[in-house]
Amino acid sequence: MTALTLSTASAATLRADALVVGVAKGAKGPVLAPGSEAVDKAFGGKLATVLEALGAAGAEGEVTKLPAPDGLKVPVVIAAGLGSVPEKKDEAYGTEALRRAAGSAARALTGSKKAGFALPVTSAEDAEAIAEGALLGAYAFTAYQGGENKLAPKGKKNGNGAKLPLGEVALLGAKPRDKAFKAAAERAVAVAEEINRARDLINTPPNDLYPESFAAVATAAGKEHGIKVQVLDEKALVKGGYGGLLGVGQGSTHGPRLVKLAYTHPKAEKTLALVGKGITYDSGGISLKPAGHNETMKCDMSGAAAVFATVVAAARLGLQVNVTGWLALAENMPSGNATRPGDVLRMYSGKTVEVLNTDAEGRLVLADALTRASEETPDAIIDVATLTGAMVLALGNRTFGIMANDDAFRTSIHEIAEEVGEASWPMPLPADLRKGMDSPTADIANMGERMGGGLVAGLFLQEFVGEGIAWAHLDIAGPAFHEGAPYGYTPKGGTGSAVRTLVKLAERTAAGDLG
Ligand code: BES
Ligand code: MN
Ligand code: ZN
């Protein structure tokens, strides 16, 4: 794990492998961002000219490496693009621009031990964004590379010679003795480490991460962080009548689990319940997914990973709010024991569901968890799920959809997501789509109209939420898993989508800012 330090050194005196400065897109070429003064001085005041000559424009995502001149105690300078200069003079750079620039620089520093980040800092929030971006950008999933490989070259991490992530981020321009900066650094470390924990879980192949092993990870983390963890195994699920979890899990040799994580604060006035879809592998079941649609389906537990990470982050930060996490874990596989299209399940709520498509399994496991969570009458329930391909069609690969039974709550979540730099968009729950799920045999079918499929899924979930409880549903099917080239602080694979939004929501709830 990459370490974070608030450095008292100046850019001119810091000993490290590299210094990172910010460069922005000005009207007449690249413009150096505040924080770069000492570095520019060492370049004889010509850093912007040199960057322009090298073709740098200051665009977002741009990273330019330069040999450092004499006078600096580092061999390399990295200019990280911040995008357009702020519109008004002396206006701060946006926190998401800082987060992304720090992330791009951290990725370019793979293999280095220590780097100083001299990006523009006007507040503790800026410092936090830079720290978060750097720690998230430095992430790498290497657990399955090298090690026991007898053919790996000597001294190399793996057969491809992959380098280790950046070892230490030294933040310059932050005030190490200032309370606000210390708290910001602490928060950045807790949140980034928990997002990286979620990423690790998502990236772990499904032959190693299945409901039982996921539950064991949660139990261990609970012990470490003072979170109460209860695991319902298959026997307990049968006894409790959890027909949704059992119906989805019955085709797999790895049985389903329902995990409850309870973080409590003695002075908490509010309780948030978070429910995560934890399909450790989604083959589609008997309604089998074709090749081309199943290669990344280890990511189908990203909602549960986000919920787990958020509860641990809340505990590490000691937030004055109770946060209960519910992980609905199952593996969706076809077999002689698997649920058939046409089967009827009796859910934990007592409702019956005709399973028309076994690939619409997320809503079945979530339904049981939502009903169970509702029994404890929390102040609000938020579920997070890689629920529908339709949401990816609607919003693309980087934006999650937000549905809710309360307009103000949906708006709050959307605003919070925006604030923490997560792209999201409010989606409706049109009542007319409900009749598409009418079943001649059961109370409801698990599939409705194809058009608006993401909203249909949301309407299905809504029926399993307790009366009078504020509820929101985040469909993260697009942003949960990134298949393209890394950008900013987003790596290939699991992203940890929704964790930042959920942690901020818990903080707002603790502060009494919501409902
Ligand atoms: N896990 C998938 C949704 C998904 C798709 C997640 C792409 C991530 C990327 C979900 O279980 C699913 O298969 N949904 C079906 C529902 C349909 C059968 C009603 C879908 O979206 O096609
Ligand atoms: Mn599915
Ligand atoms: Zn699924």
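This is a predicted model: local features need pLDDT of at least 70, side-chain atom pairs count only at pLDDT 80 or more; totals for chains, interfaces and linings use all residues.
This briefing walks through the domains, pockets and a few individual residues of the structure above. Residues are numbered from 1 along each chain as its sequence is written, chains are lettered from A and ligands numbered from 1 in the order in which they are written, and side-chain values use heavy atoms, with hydrogens and water left out.

**Two domains**

- The chain is divided into domain 1 (3-153 + 163-172) and domain 2 (197-510), with bounds that come from an automatic or database domain assignment.
- Taken over C-alpha atoms, the centres of domain 1 and domain 2 are 36 Å apart.
- Their contact (heavy atoms within 4.5 Å) takes 14 residues from domain 1 and 15 residues from domain 2.
- Between them, domain 1 and domain 2 bury about 1,300 Å², 56% of it on carbon and sulfur atoms; buried area is the accessible area (1.4 Å probe) that two parts lose on being put together, summed over both.

**The largest pocket**

- A pocket is found on a 1 Å grid over the protein atoms alone, as an open set of points where a 1.4 Å probe fits, with protein on both sides within 12 Å along at least five of seven lines; lining residues have an atom within 4 Å of a point.
- The largest pocket has a volume of about 1,300 Å³, where volume is the space filled by probe spheres set on the grid points, which are joined across faces, edges and corners.
- This largest pocket is lined by 43 residues, and Lys289, Asp359, Thr388, Gly389 and Ala390 are the closest to its centre.
- At least two lining residues each come from β10 (271-282), α10 (362-374), α11 (389-395), α13 (453-462) and β19 (481-482); helices (H or I, at least four residues) and strands (E, at least two) are DSSP runs, numbered from the N terminus.
- Helix α11 gives the largest share of this lining, four residues.
- The lining of the largest pocket has 14 nonpolar, 17 polar and twelve charged residues. Here Ala, Val, Leu, Ile, Met, Phe, Trp, Tyr, Cys and Pro count as nonpolar, Asp, Glu, Lys and Arg as charged, and the others, Gly among them, as polar.

**The second largest pocket**

- The second largest pocket has a volume of about 410 Å³.
- Its lining has 23 residues, with Tyr139, Ala140, Phe141, Pro491 and Lys492 the closest to the centre.
- Domain 1 and domain 2 each supply at least three residues of the lining of the second largest pocket.
- That lining divides into eleven nonpolar, eight polar and four charged residues.

**Buried and exposed places**

- Helix α13 is largely enclosed by the rest of the structure, because nine of its ten residues are buried (under 20% relative accessible area; exposed is over 50%, partly exposed in between; 1.4 Å probe, protein chains only).
- Ser36 lies in the loop between β3 (29-32) and α1 (37-42) and counts as buried at 2% relative accessibility.
- Not counting residues up to four places away in sequence, Ser36 touches Val21 and Ala118.
- Glu128, in helix α4 (residues 124-137), is buried at 15% relative accessibility.

- Thr377 is not a glycine, yet has a positive phi of about 35°; Thr377 is exposed, with a relative accessible area of 60%.
- Ala498, also not a glycine, has a positive phi of about 85° and is buried at 0% relative accessibility.
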